[in-house]
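Work through the exercises below with the structure open beside you. Try each task before you read its solution.

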Amino acid sequence: MTSSDAIVIGGGHNGLVAATLLARSGRKVVLLEAEGEVGGAARTHEFHPGFRVSSIAHILNRLHPDVVKAMDLQRHGLTLEGRAMASVALGDAEPVVLRGAYGEMLDGVPASEATAWKELRAQLIRYAGVLTPLLARRPPDLAGMPLSEKLALGGIGLSLRRLGREDMRDFLRMLLMNVSDVLDEHLTSDALRGLVAFDAVLGSHLGPRSPTSLVGLYYRLAGEVGGVPGGQMLPQGGMGGVVSAMAASAAEAGVAIRTGTQVARILVEKGRSVGVGLANGEELRAATIVSAINPRTTFLDLVGSRDLDTGIVRKVQNVRMKGNVAKLHLALDRVPDFSGVAPEDHKGRLVIAPSASHVERAFNPAKYGAFSPEPVMEIVLPSLSDAALAPDGACVLSANVQFAPYALKGGWNEGRPAFQKAIMAQLERHAPGIGSSVIASELLTPADIETRFQMPGGHWHHGELQPDQMLMSRPFFGAGGYDTPIDGLFLAGAGSHPGGGVSGVPGMNAARRVMAVTQ
Amino acid sequence: MKTYDAIIIGAGHNGLVNACYLQRAGLDVLVVEKNDWIGGAAVSRELTPGFLYSNCSYVCSLFRPEIMRDLELPKYGLQVIAYEGGAVLTQDGDYLASYRDHHAHRREYARWSARDAEAYERYARDVTRQCRFIQPLLMRTAPDPMSFRPRDLSELAYLGRKFAGLSAPEMAEMLRFWTMSISDFLDEYFETDVIKAYLALSGIIGTALGPMSPGTAYVLLHHYMGEVDGSVGAWGYARGGMGAVTQALADSFRASGGTIRTEAEVDRVLVRNGETKGVVLAGGEEVHGRLVVSNADVKRTFLKLVEEKELPDPFLRRVRNFKIRGSSGKVNIALDSMPEFPALPKDSPCLRGDLHFTDSVERMERAYDDWKEERWSADPFLDMVIPTTLDPTMAPPGKHFMSCFVQYCPPKVEGRDWTDADRDAFAETVISQIADYSPGFRDRIVHMEVRTPRELEAEVGLTEGNIFQGELTFDQLLFNRPVPGYAQYRSPVKGLYMCGSSTHPGGGVMGAPGRNAAAEMLRDLKRPAGHMSEAHDVI
């Protein structure tokens with residue numbers, strides 16, 4: 001039996017961040033990863049000989065500056081160039097192009113609409129800015145907080161006050177609104193409203209008309225790249241490039257990374273976690289266990305209901321985590337030509353969501369376990385910005401497609417071909433001829449994501465990112481502040497506050513919590 | 001020329017409650033009503049000889065008992081008859097009953113699922129806890145979080161203390177509950193679809209939301225906070241139809257010296273130098289009053305009755321952005337005999353309660369999908385009651401009045417106005433659904449009145465036919481209702497107040513907005529309000 005100070009379960013980006021920060025604090029840390037390489041859902045893989053793509057997350061838009069700094073990622077090879085990648089709304093007419101950070105400039109709309117957008121964008125970024133400080137700290141503790149925490153929260157209250165009275169009134173009114181109504185109050189362009197509505201609901205089981213869907217947009221706008229709020233970029237080498245920098249930082253900090261090591265259970269003695277048992281029978285001991293994997297797996301599979309209160313088991317089971325996004329990868333023999341889109345803009349993010357009501361209509365079937373016959377999607381062609389991802393002259397297409405419910409009626413084995421056909425029909429409409437340029441394809445449904453990445457429900461965020469599963473209720477109340485009902489066991493994954501996306505924040509906050517409560 | 005102390009626009013239940021309280025405080029009050037009948041959406045109308053129709057609102061439960069007592073409504077003839085429960089008839093010919101008797105209720109749930117019968121205990125406890133927190137807020141003016149006035153600060157402190165009185169898990173549950181969908185909330189407790197469908201309906205009635213929309217769990221509370229005879233969550237019929245509520249209010253009002261003028265439609269509110277001076281009626285007649293209170297919804301009041309130049313821009317913008325999409329219709333039917341529902345046991349007490357046919361949350365949500373596309377639901381959700389099973393005064397002996405609330409029904413049909421042909425097709429959708437469960441139903445129909453949002457707006461004056469005078473979503477609740485900065489019944493025009501369901505705490509025949517508005521007005525007049533009971537906390 002070997003022993004260390006802390007064991008981190010799961011080598012995804014959050015696990016790497018947590019392990020590195022703990023190691024830097026002088027602890028002896030072991031990181032256990034089930035797969036042959038670290039990265040989790042933030043890897044780059046070769047899906048066809050010569051064609052490589054970011055496995056799940058494909059755009060970097062919220063890697064937290066504190067994480068970049070604390071891990072020294074830029075010294076370890078991370079570049080944050082090209083962080084104002086354009087977004088293109090492919091509509092029925094001329095595309096609308098958002099340039100700069102989330103549309104600082106706008107092409108393809110009349111001047112009046114551009115002005116209205118400028119005001120709305122400023123308002124949204126201002127409001128998201130009020131919420132941003134909540135992300136990089138432990139959520140408020142309802143049972144009482146030390147003075148320092150109270151003061152920090154008071155600071156957020158003050159920044160709200162600084163908005164001014166009328167702005168603050170609008171902030172409070174809009175906070176839980178649906179994104180569609182907000183857009184209708186300001187804008188008229190279908191394509192623009194479609195794109196923003198799509199962004200607000202991407203990754204969640206909500207339509208643009210669902211109350212609270214604006215929160216999703218705030219979550220996105222609370223992210224930044226290299227100090228630019230609302231910025232986005234394609235990382236060099238795909239998302240695996242980011243993870244390589246993290247792994248290098250972890251190694252330098254002295255983290256012992258063990259890949260190919262599946263944890264079978266968390267050892268609990270008298271309500272306290274004391275180590276882990278591996279699938280091969282080996283046992284590792286440590287006073288601190290940090291689980292950077294899915295919370296349901298952590299509690300139900302690794303801890304087991306025997307060591308948990310009934311109420312806790314019920315809460316874990318009630319966490320909603322059914323994914324709704326599929327990932328499509330295409331190996332193309334040439335660069336596709338999206339109608340009306342300038343060659344340079346093909347390097348941007350292309351969004352097929354012709355109107356907010358189209359997005360809503362695409363959402364409807366997902367409520368009943370069917371996929372959208374006319375799905376909406378976000379497309380990137382990463383090989384245009386990083387030639388190493390595809391052979392010469394060829395091209396990689398990577399798309400996040402909504403809505404693809406995890407629990408598809410009839411199952412995904414049966415539904416997959418029809419869904420792929422529906423996606424290709426949408427692509428063909430906007431890039432005629434693209435179908436004939438496909439050399440190979442890979443469609444990851446939520447069911448595939450579940451098995452391939454060990455993410456129950458195939459959900460990006462390890463749990464719906466909706467207000468009732470946020471802050472101290474993420475993943476559930478009782479495990480909301482990274483510590484859990486089991487002494488010595490901490491959570492550090494996207495299932496914890498503030499949620500998913502390649503931000504590194506749950507890992508960072510969890511490490512800070514561990515440092516605050518253990519020696 | 002006479003100058004009244006206060007003029008109330010609209011003789012709906014909130015207008016009358018407001019009028020009663022003001023008159024009893026010693027003011028000289030006039031109520032003006034555009035129709036030749038009073039009651040707004042709480043009326044009983046004899047639309048065919050011998051039958052009284054509760055043709056808008058149809059059950060009585062939310063009406064605050066404090067108001068009933070303050071205004072002595074039982075003395076003026078109001079009687080509320082509690083009913084037993086209800087049933088959902090399922091497509092496969094079975095039913096799920098709901099009884100007021102706890103044990104009978106539990107046994108019925110256990111017939112469907114032992115696990116759900118067990119879960120119901122937890123569910124009832126948890127929902128009651130949520131109600132207990134919210135209920136006292138109904139009869140208090142929402143504090144303005146942006147204000148530093150002592151009163152707002154002390155109200156905020158009251159809320160803070162109330163919240164702090166909860167345990168941490170209770171606080172977390174509450175915060176979570178407020179933004180959940182009723183469907184997700186019920187999924188945490190129950191496994192049986194029909195049970196979830198039955199319980200989900202309180203989360204959507206009157207809203208422009210589906211059971212899967214976040215926020216509908218809160219709407220459930222809005223419908224649970226009623227009580228009949230001290231029995232919380234119970235529902236009842238007003239004897240003589242819903243008009244009995246407003247008739248009793250009107251009688252109480254007149255008895256204390258107030259005046260009601262019917263067929264007196266207000267054309268606009270008279271404003272001079274930023275101050276309210278009275279109203280101008282449709283014929284041009286000016287009626288003077290020191291204060292004016294509008295029972296109309298906030299859009300109708302400020303976009304139609306007050307001139308734009310009297311209102312500040314941010315206020316106008318917010319009023320224009322107020323969401324008031326109608327979502328329901330009504331089919332009122334006179335029957336020459338009691339309809340049969342073969343699925344139910346003979347003489348089931350459920351026949352005296354509310355009946356539904358929507359046996360799954362999915363069907364309910366699909367009905368909502370139609371509404372989003374501006375169509376009435378092809379498979380609508382119906383809430384039917386036959387009040388004549390308990391109240392013989394509403395129909396000739398042996399005959400019955402049936403009220404059929406229908407959701408969803410859009411304010412416009414695919415972008416255009418409703419036509420008579422649309423209305424008839426809508427009614428046919430409803431009748432054919434009932435006929436599927438009740439053989440021979442069509443032959444029993446003596447007379448039928450069909451009300452779409454078009455009729456509700458034209459007759460009762462509800463903008464877009466929204467029965468709550470504004471949607472019940474977070475952005476339009478508490479200090480945001482009707483619009484931020486004006487949630488305390490006052491308006492930007494001095495002397496002009498609001499008292500309709502557009503204001504806190506919202507719709508339903510509750511009377512709380514009317515009462516709360518009166519409290520604020522008396523405060524402004526520095527008059528005592530000793531005749532006004534404080535909100536009690538019974539749960």
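**Exercise 1.** Which residues of H8(A) are buried?

Solution. Keep in mind that this is a predicted model. Step one: find helix H8 of chain A, residues 213-221. Step two: apply the cut-off. A residue is buried if 20 or more other C-beta atoms lie within 10 Å of its own. Step three: list the residues that pass. They are Ser213(A), Leu214(A), Val215(A), Gly216(A), Leu217(A), Tyr218(A), Tyr219(A), Arg220(A) and Leu221(A). Step four: conclude. Nine of the nine residues are buried, so helix H8 is largely enclosed by the rest of the structure. Step five: look for the cover. It includes helices H3 (111-135), H5 (165-174), H6 (179-186) and H7 (190-201), and also strand S9 (228-229), of chain A.

**Exercise 2.** Describe strand S16 of chain A and its two partners, S15(A) and S17(A).

Solution. Start with burial. Five of the five residues in S16(A), 376-380, are buried, so this strand is largely enclosed by the rest of the structure. Next, sort the residues by face. In a regular strand the side chains alternate between the two faces of the sheet. One side of S16(A) carries Val376(A), Glu378(A) and Val380(A), while the other carries Met377(A) and Ile379(A). Both faces are covered. Now take the partners. Three bridges link S16(A) to S15(A), residues 349-352, in the antiparallel sense. There, Ile352(A) stands opposite Met377(A). Five bridges link S16(A) to S17(A), residues 395-402, again in the antiparallel sense. Here Val380(A) stands opposite Ser398(A).

**Exercise 3.** In what order do the strands of the open eight-stranded sheet in chain A lie, and which are its edges?

Solution. Read across the sheet: S7-S6-S5-S15-S16-S17-S14-S18, with mixed pairing. The edges are S7 (105-107) and S18 (438-444) of chain A, since each pairs on one side only. From one strand to the next, the twist averages 20°. Check one edge. S6(A), residues 96-99, joins S7(A) through three bridges, and the two run antiparallel. Val97(A) has Asp107(A) as its bridge partner.

Definitions and conventions: Residues numbered from 1 in each chain as written. Chains lettered and ligands numbered in written order. Predicted model: local features only at pLDDT ≥ 70, side-chain atom pairs only at ≥ 80, totals over all residues. Pairing = 2+ DSSP bridges. Helix = DSSP H or I, 4+ residues; strand = E, 2+ residues; numbered from the N terminus. Axes fitted to C-alpha atoms, helices over the stretch in contact; angles between N-to-C directions. Buried ≥ 20, exposed ≤ 12 C-beta atoms within 10 Å, placed from the backbone. Contact = placed C-beta atoms within 7 Å.
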